[in-house]
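Here's a quick tour of one protein fold, taken piece by piece. Have the viewer open and follow along.

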Amino acid sequence: MNPKIRFYKDEDAPEILSIVNNAILNTTAIYDYEPRSLESQIALLHEKINQGFPVFVATWNEKVVGFALYGTFRPKKAYQFTVEHSVYVAENCIGKGIGKLLMEQLIVQAKKDKIHCMVGVVDAENKESLLFHQKFGFTVSGTLKESGYKFNRWLDSVIVQLIIEN
């Protein structure tokens with residue numbers, strides 16, 4: 001396996017949409033209820049890019065198998081050096097090192113962009129994601145109890161953060 005990481009291109013959107021919609025319909029990784037349309041997914045990706053934020057894709061045998069991005073944490077000026085990130089991998093590629101490559105690229109880019117703090121919001125039941133983040137030095141900063149409701153139950157959100165030394 002020899003995955004490659006590169007910047008997003010619009011032709012990646014259908015495969016990204018498939019990854020996103022699988023997460024929406026089958027996991028608590030995304031707290032949306034309804035699948036996204038291709039148009040709305042492209043608009044979300046363009047919004048990040050137009051704001052100067054990166055969107056990376058992982059490809060394996062020329063097929064998109066994951067993506068990662070970051071963007072505005074909160075719109076107040078004092079938060080300009082803090083971003084919220086997301087990393088998603090196709091279900092059939094989880095555990096193959098794709099997420100690791102994407103996270104490494106995000107952190108490298110954050111350093112280039114003079115980001116000081118990366119924040120992630122992880123469903124408390126997603127132990128694999130919490131362990132994944134901890135491997136990169138993220139620490140748990142708090143838990144928002146019963147902050148989400150999906151699949152007929154209340155969900156806790158865990159806030160993880162990484163301080164980047166520039």
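Does Glu-11 count as buried or exposed? At 54% relative accessibility, Glu-11 counts as exposed, where exposed means over 50% relative accessible area, buried under 20%, and partly exposed in between, using a 1.4 Å probe and protein chains only.

## Ground rules

This is a predicted model, where local features need pLDDT of at least 70, side-chain atom pairs count only at pLDDT 80 or more, and totals for chains, interfaces and linings use all residues. Residues are numbered from 1 along each chain as its sequence is written, and side-chain values use heavy atoms, with hydrogens and water left out.

Helices (H or I, at least four residues) and strands (E, at least two) are DSSP runs, numbered from the N terminus.

## The sheet

Start with the sheet: 7 strands make up an open one, ordered E1-E2-E3-E4-E5-E7-E6, with mixed pairing. Two strands count as paired if DSSP finds at least two bridges between them. At the edges sit E1 (4–7) and E6 (139–150), each pairing on one side only. On average, neighbouring strands here are turned by 25° against each other, direction ignored. As background, strands of a sheet pair through backbone hydrogen bonds, either parallel or antiparallel.

Zoom in on E3 (residues 63–72) and E4 (residues 82–89), which pair antiparallel over 7 bridges. Gly-71 faces Glu-84 in E4 as its opposite number. Over at E6, 8 bridges join that strand to E7 (residues 153–163), again in the antiparallel sense, and Thr-139 stands opposite Gln-161 in E7. E6 and E7 form a hairpin with 2 residues between them, and Phe-151 in the turn has a positive phi of about 55°.

## Helix H1 and what it touches

How do H1 and H2 sit relative to each other? The axes of H1 (residues 13–26) and H2 (residues 38–50) come within 10 Å and cross at roughly 100°. Axes here are lines fitted to C-alpha atoms, for helices over the stretch in contact, and angles run from 0 to 180 degrees between N-to-C directions. The two helices are therefore roughly perpendicular, a label for 65 to 115 degrees (under 35 is roughly parallel, over 145 roughly antiparallel, the rest oblique).

On the H1 side, the contact (heavy atoms within 4.5 Å) is made by Ala-13, Pro-14, Ile-16, Leu-17 and Val-20, and on the H2 side by Leu-38, Gln-41, Ile-42 and Leu-45. Those residues split into 8 nonpolar, 1 polar and no charged.

## Salt bridges

With a salt bridge taken as a side-chain nitrogen of Lys or Arg within 4 Å of a carboxyl oxygen of Asp or Glu, the count comes to 7. One of them brings back Glu-11, which pairs with Lys-9 at 3.9 Å between the closest N and O atoms; Lys-9 is partly exposed at 38%.

Another joins Glu-104 to Lys-100, with closest N and O atoms 2.7 Å apart. These two are 4 residues apart in H3 (residues 98–112), so about one helical turn separates them. Glu-104 counts as partly exposed at 30%, as does Lys-100 at 44%.

Arg-153 and Glu-125 also meet in a salt bridge (2.7 Å, N to O). This pair links distant parts of the chain, 28 residues apart: Arg-153 is in E7, while Glu-125 is in the loop between E5 (117–123) and H4 (127–135). Arg-153 is partly exposed at 31%, and Glu-125 is partly exposed at 45%.

Technical notes:
Nonpolar A, V, L, I, M, F, W, Y, C, P; charged D, E, K, R; others polar.
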